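Dear colleague,

Please find below the structure that I am handing over to you. My notes on it come after the model.

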Amino acid sequence: MRPYQKNLEELLQNYEQEDPLQGLSAKTATKRLASDGPNALVAKKTPNWLLFIRQFNNMIIYILLFATLLTLFLGHYTDAIVISVVIIANAVIGYYQEANAADALAKIKDLLATNATVYRDGIRQDIDATKLVRDDVVFLEAGDQVPADLRLIKTADLRIQESALTGEADAVTKHASALKTADLPLAEQANMAFSSTTVVNGSGLGVVVATGEKTELGKISSAVASAKTRPTPLVKEINALGKTVSLCVLGAAVLLFILGFIFETYSLPVLTLAIVTMIVGSIPEGLPATTSVILALGVSDLAKNKNAIVKSLPSAETLGAVDVIATDKTGTLTKNEMTVTDIYLDERHFSVSGSGYAPTGALFINGEATTEREAKLKELLLAGYLANDTTLTQVDDTWTINGEPTDGAFLTAYHKLMPNKESVQLEKLDLLPFDSFHRYMASLVQFSNGAKKIYLKGAPDKLFNFAQQQDPTFKRSFWQAKADHLANQGKRVVALGVIKDADQITELEHKHLETGFTFLGLTGIIDPPRPEVIAALREMNKAKVEVKMITGDAPLTAAAIGQQLGLADGELHTITGVEWDQLTAEQKQKAAVKHQIFARTTPENKLEIIEALQQSGKVTAMTGDGVNDAPALKKADIGVSMGIKGTDAAKEASDMILTDDNFATLATAIKEGRRIYDNIKKSILFLLPTSFAEGLIIFLTILFNQEMPLQATQLLWINLVSAITIQFAFIFEPGARDLMKRPPRKSNSRLISGREMLQLGYVSLLIALVGLGAYEMLIATGASATLASTAMVNIIVFSKIFYLFNIRTEESAFSSASFTNKKAFSIILLMILLQMGLTYLPFMQEAFSTTGMQLGEWILTIVCGFSVLAVTELDKYLKFRLARARN
Ligand code: ATP
């Protein structure tokens with residue numbers, strides 16, 4: 001018999017206890033996990049050897065292979081060996097970089113694992129979804145991704161979106177009754193919830209019938225990849241840049257070849273080899289790899305050390321350009337640790353002491369402790385306790401909740417203030433779970449005497465409406481004033497009510513709440529602001545990133561919290577969802593820019609606010625946690641969800657997950673995004689001119705019909721050394737000191753400005769001319785060609801080292817800013833050692849046609865390298881002066 005055909009008794013046969021809320025015992029679960037294996041699909045991974053082989057499939061390698069053949073053909077065997085070593089070294093470096101980036105991303109995928117809420121040993125708890133086993137009892141609620149295939153045993157308004165599995169676009173309503181038909185297609189198995197589909201509404205309980213590869217999803221696909229690895233716009237732009245550069249270089253090569261051929265200075269093979277090395281020297285092969293590695297390592301650092309999981313590389317890049325952050329309030333700006341502190345039954349104000357979820361504290365009226373519990377108060381506390389879908393558990397000395405903090409606050413208040421609570425005998429029959437559209441929740445219960453009641457708790461305005469419908473004399477303005485009084489202190493206000501006669505009702509629907517409603521009172525709940533957010537907001541204000549609060553909470557509560565945190569520098573403007581709905585499209589754009597607080601918003605409002613901000617040209621990041629936030633999260637340039645309170649649906653739709661649910665982490669991520677972008681740009685500004693300079697040397701030599709100053713192997717050495725070493729300096733480069741003091745970069749600005757183009761050009765020429773000049777000077781003073789070439793190789797490498805100091809910081813290279821990146825110095829030291837090896841080790845001298853240098857040549861080398869730094873620093877200074885004069 002298939003699971004959907006079984007009834008409840010048949011399903012629960014396996015249990016020693018009758019009660020599904022007991023669930024499996026931890027012991028059984030562990031045993032079963034060992035025998036069945038984890039609840040996960042095995043993802044396909046590119047094998048390492050393939051990754052290595054793939055490195056050979058590239059243009060540069062083809063050119064180098066051609067060069068090897070050419071040298072073999074000419075009988076230059078040492079050259080052939082050196083070039084072969086270069087080919088292999090290139091592949092190893094490429095492999096290492098790619099494997100590193102892939103590894104970093106794979107680790108991030110692991111971090112994206114989801115949790116499942118299960119009953120085990122009678123306690124509702126969250127466990128790693130991979131640890132689920134057959135017969136586990138799983139609790140589902142809106143926003144959850146179903147963690148395994150489940151046979152549902154209880155549902156409350158449960159709807160599941162199954163399009164990934166069945167192709168059905170609309171969410172399907174689920175129930176728990178057995179279906180007798182044999183061979184039902186998946187789409188009609190309405191009492192089943194399938195792995196990886198999404199709960200869009202309601203809640204439910206289900207028993208696991210299949211895990212891992214045995215689930216319906218496992219049968220159709222054996223690999224899931226949730227971290228996206230598409231190329232980033234920046235990488236695309238860089239690839240395009242690389243292509244243009246390569247084409248120009250090839251064009252120049254053809255031209256040179258023709259010229260060389262006509263001049264006949266060089267023999268054909270020597271000319272060909274020189275041109276091939278020029279091509280190899282000028283093409284900045286390292287660029288795309290450096291970019292991906294900077295991105296991937298930045299992303300991996302964010303995940304490992306800074307609590308932010310960026311799911312795709314493009315997002316890391318976009319982060320640096322964020323203009324506006326639209327953030328929710330609860331849990332992001334506040335701690336999401338709710339405690340009921342105030343109760344209004346009528347004009348009397350009760351306050352409740354104690355904090356957190358531990359049920360210890362007392363009730364005070366007018367500042368005096370009281371033990372008296374009048375009937376209305378008991379009913380209010382019971383309403384909060386029953387219109388509730390959360391559990392409160394004490395493990396050792398700590399009280400924890402599993403579910404919603406707002407609900408948790410009411411559980412604690414009930415246990416804190418109700419004596420003799422055991423005497424209440426009742427059964428919960430049905431529940432309308434909370435959702436941010438209705439903003440209330442209701443529960444149908446039956447007492448031991450058979451009477452049924454519906455308890456409600458929710459946003460005051462919603463419950464005021466019910467009260468007014470029932471009783472036109474309801475004192476709405478009196479209650480509104482009380483609600484405003486609490487909200488003004490930044491407290492969340494929740495109203496409670498009851499429908500006393502619900503005997504006829506078996507399944508709860510929203511329409512049942514419209515008659516017979518009795519208003520019980522108001523509660524104020526504190527949710528303290530997070531202290532670290534204040535500093536983060538200050539930083540955001542300085543970095544000209546605007547922060548807007550979009551919340552479901554009341555305007556006064558939101559404004560009070562905004563004020564306490566210092567949301568914006570100036571006055572805070574508040575608008576509500578209802579007011580927003582009345583605006584025209586044009587007004588919405590203006591309103592989105594003007595207001596800082598958007599209160600009582602619906603998920604549709606959120607989407608529109610994000611769209612309006614984007615239409616006014618703002619790169620927008622948005623935080624959200626509910627299943628209904630998914631469209632807005634997808635729409636935002638950076639959708640951000642919360643690792644702890646966020647639903648699976650929100651996490652799936654977002655680009656970044658904050659594992660500590662903390663706004664301050666978002667600020668850190670933006671800072672990191674800016675750093676990453678800066679460093680990518682720096683590596684371009686560094687790698688391009690240093691590569692061009694090598695090409696230019698050959699180009700000018702052929703053009704002026706001179707002796708070749710550099711051997712092919714020497715050029716390859718320069719390339720190889722910088723490929724292994726210098727580019728890594730940019731991966732570790734810390735952010736500039738003014739990183740968060742400048743406004744966000746314009747998202748439409750070009751990667752390399754005209755001014756930077758000019759710099760690229762003159763630096764290339766400068767290094768080439770300095771090198772050639774020194775070569776000529778040494779030859780003129782009687783040095784051998786070997787010595788002059790050796791000096792030239794050193795000059796080019798040292799020019800790169802000096803130029804590195806110019807590019808690393810926008811401040812003066814002669815300031816303390818040059819000493820911020822310790823790793824850069826290790827890299828430079830390594831480079832110098834390699835150069836020493838090249839100059840003095842006999843076998844290196846043999847392979848690369850070099851010879852030992854004297855002090856004089858070293859001084860010349862340093863002077864030449866330094867001159868590159870001096871010129872570029874002068875240029876930086878003039879640029880700085882000019883910019884200051886303009887402001
Ligand atoms: P955000 O996280 O977007 O800042 P929020 O979480 O405060 O907003 P909602 O959860 O939509 O917003 O809550 C809106 C209102 O609904 C609250 O002000 C409160 O009155 C009421 N409310 C929230 N949670 C519950 C709950 N679990 N039960 C009853 N009422 C609730």
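This is a predicted model: local features need pLDDT of at least 70, side-chain atom pairs count only at pLDDT 80 or more; totals for chains, interfaces and linings use all residues.

Residues are numbered from 1 along each chain as its sequence is written, and side-chain values use heavy atoms, with hydrogens and water left out.

A search of the whole structure gives 17 aromatic pairs; rings of Phe, Tyr and Trp (its six-membered ring) pair if their centres lie within 6.5 Å, with planes under 30 degrees apart counted as stacked, over 60 as edge-to-face and the rest as tilted. One of them joins Phe 798 and Trp 858 edge-to-face, at 6.0 Å centre to centre and 70° between the planes. Phe 798 belongs to helix α27 (residues 785–808) and Trp 858 to helix α30 (residues 855–886), so the pair ties together parts that are 60 residues apart in sequence. Helices here are DSSP runs (H or I, at least four residues), as are strands (E, at least two), numbered from the N terminus. Phe 798 and Trp 858 are both buried, meaning under 20% relative accessible area, whereas exposed is over 50% and partly exposed lies in between (1.4 Å probe, protein chains only).

Ring pairs also connect Phe 464, Phe 474, Phe 478, Trp 479 and Phe 519 into a cluster.

Asp 135 has a positive phi, near 75°, although the residue is not glycine. Asp 135 is located in the loop between β2 (123–128) and β3 (137–141) and is buried, at a relative accessible area of 8%.

Yours sincerely
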